[in-house]
Amino acid sequence: MKPMHPLLTVAAAGLAALLLADSATSQRPRRRPDGAPPGAPTPEAPPPAEAKPEPKVESWTAIQGGDVYLGDGTILRRATVLIGDDKIRGVGHDLQIPEGAHIVDATGKVVSPGFCIVHASGFGAPRSGNDVRDGLNPFDPQIKMGLAAGITSFLWTSSGGSDKPGGKSCVVKLAFGDLEGMVGPEDTVVSMRVPLNVQQMRAFRELVRQAREHQQKLRELEGKEGTKPPKAPNGTEELLAIMDGRKTLWISGQPSFGGRFGGGGGPSEGFGVDQIRQAMEIAELVGQGVVLDVPVAAWVIPDEIAATGSMVIDDPRSRTEPIPGREATTGSNIAQAAILAEVGVPVAVTTGGGGFGGPSIGTGGILGQDLNTPTVDACYAVRGGLPNRRAIRTLALDAARIMGAEARIGSLQEGRDADVLILDGDPLHYKTFVEIAFVNGKLVYEKDREPFYRHVQR
Amino acid sequence: MNPTDTSMPMRTALALGALLAAAAPVAAQERSIDIYYGSKPTEYQVAITGPATVESPSYAFRCARILPVTSPPIENGILLTRNGRIVAFGPADEVAIPDGYEVVDLGDRWCIPGLVELHCHVAGRGFDLNDTVHQTNPEMRTIDLVTMDHEALRNALAGGVTTTLFIPGSGSNMGGFGTLTKTWGRTPEEALIRFPGCLKIAQAGNPERRSGDLGLTPLGMNEGLRRTLETGREYHLAWEAWQRGEGPKPELKPNLEYLRGLFRHEYPIAVHTQIYQVALQTIRQLRGEFGLWTIIVHGTFDAYRLSEVAVEAGVPVANGPRQYHFDRGSGWGSNSRRESEFVGLAGEWFRGGMHGFTHSQRGVGIDGIAVNTDSPVIAQEQLSLQCAMAVRLGLPDEVGLRAMTINPARFIRIDDRVGSIEVGKDADLAFYSGDPIDPRSFVEATVVNGNIAYRRDPRRPRF
């Protein structure tokens, strides 16, 4: 017998979970299909279209009166966020609220984009495999824990490249209960690593040359009828996508040796200046900014990184000790995010490694080290000098850019996905909790209705 | 930061309010624990202590706010230090700066006492401190490993940590004796506070791995502990009898000497213990049966349900680094919700609650709870983050600050020297850019024994 397709298995499990979930909550008032709580006025038809035809919206939600963090560092005091179905339809002070819109009062609260996590695993996504769709579980309880932490999307990756770009990726959204809604932009990111040795670098240059040649041929054929476009040379597919700006190239470096428990190896620079410069050379070759995936010493050459339009994933707490005698150009620096931001380099933060924390442990580590508190790493970037207001970008706009998905997520702007948090204070304060989370315009988390943190009352 | 600045974020204002209220009267359920120290030794016989005075320049530190912890906050303060001690502190208009004092102006910084860490494995360079030579190892000690010149200690200073209890690892059931040391000193001898600082015992969640056939489970481990402690007690009693003129002079046994100090109550046992059943074992066997001065370190998972047992036994709790218990079934938090909740451990230990019993359990109170990192499990410099996470899940702010200063100092009984800003105490200070619990606040300067041991470089801050 042919085995059941993995997706069908998931769907069956999902159906079972849905039935179970339904019976378990049957004594509670049912949530309406539009995501509005019971008792809310039924939305009526939106106002007639004016100049341009408005999208046909079934359901409107207006989050009113909160301090709105747009995700780019801007804060609008006591403003409104208007959600229509799964998208944000407007943010501002003078929005016209469609009649019948469901009103959420956020007075005294903070409204922010859902956090975008560049390194994570779990949250209903498969741990391995080449197609994220084969293993998604929209009823994974960890999704709710992620939402409680403010996480609404993360970059799922599988089998990255080594000496040339490769790997699969997908922005996975924490759309609890919605299998299709979990799949965000796919294959926006490919990865490779440095250092490349002389032969590898030569091979890489040759691939770039072939890709350029191919691009040139395509340009020459432009407008000419009846000619079949040539096939891209072998191995240049990912490079062409990077060069066209369809995919973002992440470059990781060689990790440093040693480690916190001591022993092993001599001093090592890790992803230091030499490796970063090679990554910058790659950026120049492909003609696009790249993403430096947790460099150690990007703070030494911020201008060189800014000049290529590259971006950086920073782990503010990780430590690489400087090489004795070369302190000015080696070793990590908690001010790295601040120094890079100062020259305009977008920076996302990630949670450090270690046996009890880090991205692979998800929400199962030690509090303050795992993804139950993704804001802690932004806090340490602030400790290193990043302005507090700008630090939200490390989890919002800049993180979304680094994931190649800023057209969809990472900021509260008209047309973006309605992934919105309502928080009870400054997003980066250690006592702040997520009260409500929307993903794709659907209410997916309420602190007072979920067991995790509702006992914490102040 | 100016406290009247209306642009101050709401949360900071709240935190500040709570910190300023630190000296307010304590509610009934927050009453303090009566820590069991045993019969206090009149003087150290087994333990050695560091120098009584340490040379240091005479400084007059100016800053926006002083949080002494054991007395009300002071706005716009001056703090005088000389020869390693605090000689005066108060509002700037009340403290005259005598001649010969160098003024160090720290502007809008906040001054708190240097932080105290009871669970540190990094005061020597990065060695593995888990050694099981015998089934129990009372002959082992960390004092020989203390080195001042290495990165982990410099990082500790950048995190405001000035005192650590440097203990053997938990891979061994009875791992040996720990050292109480400052995180800065010209020599380890100068940095020394007391040796032994404690005996380290580990009862579950690590020691199982190295004990082989002898004590792979709690049965065998408890038997090993009991036998060794019995031997130590006999040895101790023989010396006591001889000193009273009631018996022959015992033969000197170096491997039992430090156990003698344990039974003289010169220092406690710091017990790596977690999970209800195991922590109960700790309290019954070590504190109850042997009458030893006992501190729980870790105290994680569902051990918080013992809060009343601990408070009755006079056993304080240095909690962490996990800081929460995700209770998937029982949900025995203070609200007795039978659902999966993130139980904030320090808050539950402190406050007590139903904890699944038929009546509310007393908590260990404002003096009975500390936080720790188990460095390098969590980097030493992140001690205050442990506090932030404890406060996030329900420990009150003012208890949070105590949990990394005066409380751990009191548990280990060095509160006459460190843990708060008081005249005559060691000049161990940390100057923060704001609320010291907030991980966004950085340490501008750290002072140990009156010496400026760390100054922040804004282009390359250590932490």
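Visitor: What share of the 463 residues of chain B counts as buried?
Guide: You're looking at a predicted model, where local features need pLDDT of at least 70, side-chain atom pairs count only at pLDDT 80 or more, and totals for chains, interfaces and linings use all residues. Residues are numbered from 1 along each chain as its sequence is written, while chains are lettered from A and ligands numbered from 1 in the order in which they are written. A residue is buried if 20 or more other C-beta atoms, placed from the backbone, lie within 10 Å of its own, exposed if there are 12 or fewer, and partly exposed in between. On that basis, the buried share of chain B's 463 residues is 58%.

Visitor: How many helices and strands does chain B have?
Guide: Here helices (H or I, at least four residues) and strands (E, at least two) are DSSP runs, numbered from the N terminus. Going along chain B, you get eleven helices and 21 strands.

Visitor: In chain B, how much of the contacts with a separation of 6 or more comes from residues 24 or more positions apart?
Guide: Two residues are in contact if their C-beta atoms, placed from the backbone, lie within 7 Å. Among chain B contacts with a separation of 6 or more, the share from residues 24 or more positions apart is 70%.

Visitor: Which residues of helix α2(B) are buried?
Guide: This helix, residues 151–158, is mostly covered, with six of its eight residues buried. Those residues pack against β8 (161–166), β20 (443–448) and β21 (451–455) of chain B. Just after the helix, G160(B) has a positive phi of about 80°. The buried ones in α2(B) are A152(B), L153(B), N155(B), A156(B), L157(B) and A158(B).

Visitor: Where chain B touches chain A, which element of chain B gives the most residues?
Guide: The contact involves 41 residues from chain B and 33 residues from chain A. On chain B's side, the elements giving two or more residues are α1 (10–20), β15 (341–344) and α9 (383–392). That side has 21 nonpolar residues (Ala, Val, Leu, Ile, Met, Phe, Trp, Tyr, Cys and Pro), 13 charged (Asp, Glu, Lys and Arg) and seven polar (the others, Gly among them). With six residues, the top contributor is α9(B).

Visitor: Now for chain A: how many helices and strands are there?
Guide: Buried residues make up 52% of its 458 residues. Residues 24 or more positions apart account for 64% of its contacts with a separation of 6 or more. Its secondary structure comes to eleven helices and 17 strands.

Visitor: Which elements of domain 1 of chain A give two or more residues to the side that touches domain 2?
Guide: An automatic or database domain assignment divides chain A into domain 1 (1–41 + 57–187 + 407–458) and domain 2 (191–259 + 266–402). Between them, 36 residues of domain 1 are in contact with 40 residues of domain 2. The elements to look for on the domain 1 side are β5 (110–113), β6 (115–117) and α2 (141–148) of chain A.

Visitor: How many residues are in the largest nonpolar core?
Guide: A nonpolar core is a set of buried Ala, Val, Leu, Ile, Met, Phe, Trp, Tyr and Cys residues joined through C-beta atoms within 7 Å. Residues with the most contacts inside the largest one include V81(A), I251(A) and C111(B). Domain 1 and domain 2 of chain A both give residues to this core, so it lies between them.

Visitor: Which residue in β17(A) stands opposite F438(A)?
Guide: Five of the six residues of β16(A) (434–439) are buried, so this strand is largely enclosed by the rest of the structure. Strands pair if DSSP finds at least two bridges between them, and β16(A) is joined by four bridges to the antiparallel β17(A) (442–446). In their hairpin, which has two residues between the strands, N440(A) takes a positive phi near 50°. Opposite F438(A) you'll find L443(A).

Visitor: What is the mean pLDDT of chain A?
Guide: pLDDT is the predictor's confidence in each residue, from 0 to 100. It stays under 50 over residues 1–46 of chain A, and also over residues 259–264 of chain A. In chain A, 85% of residues reach 70 or more, and the mean is 88.
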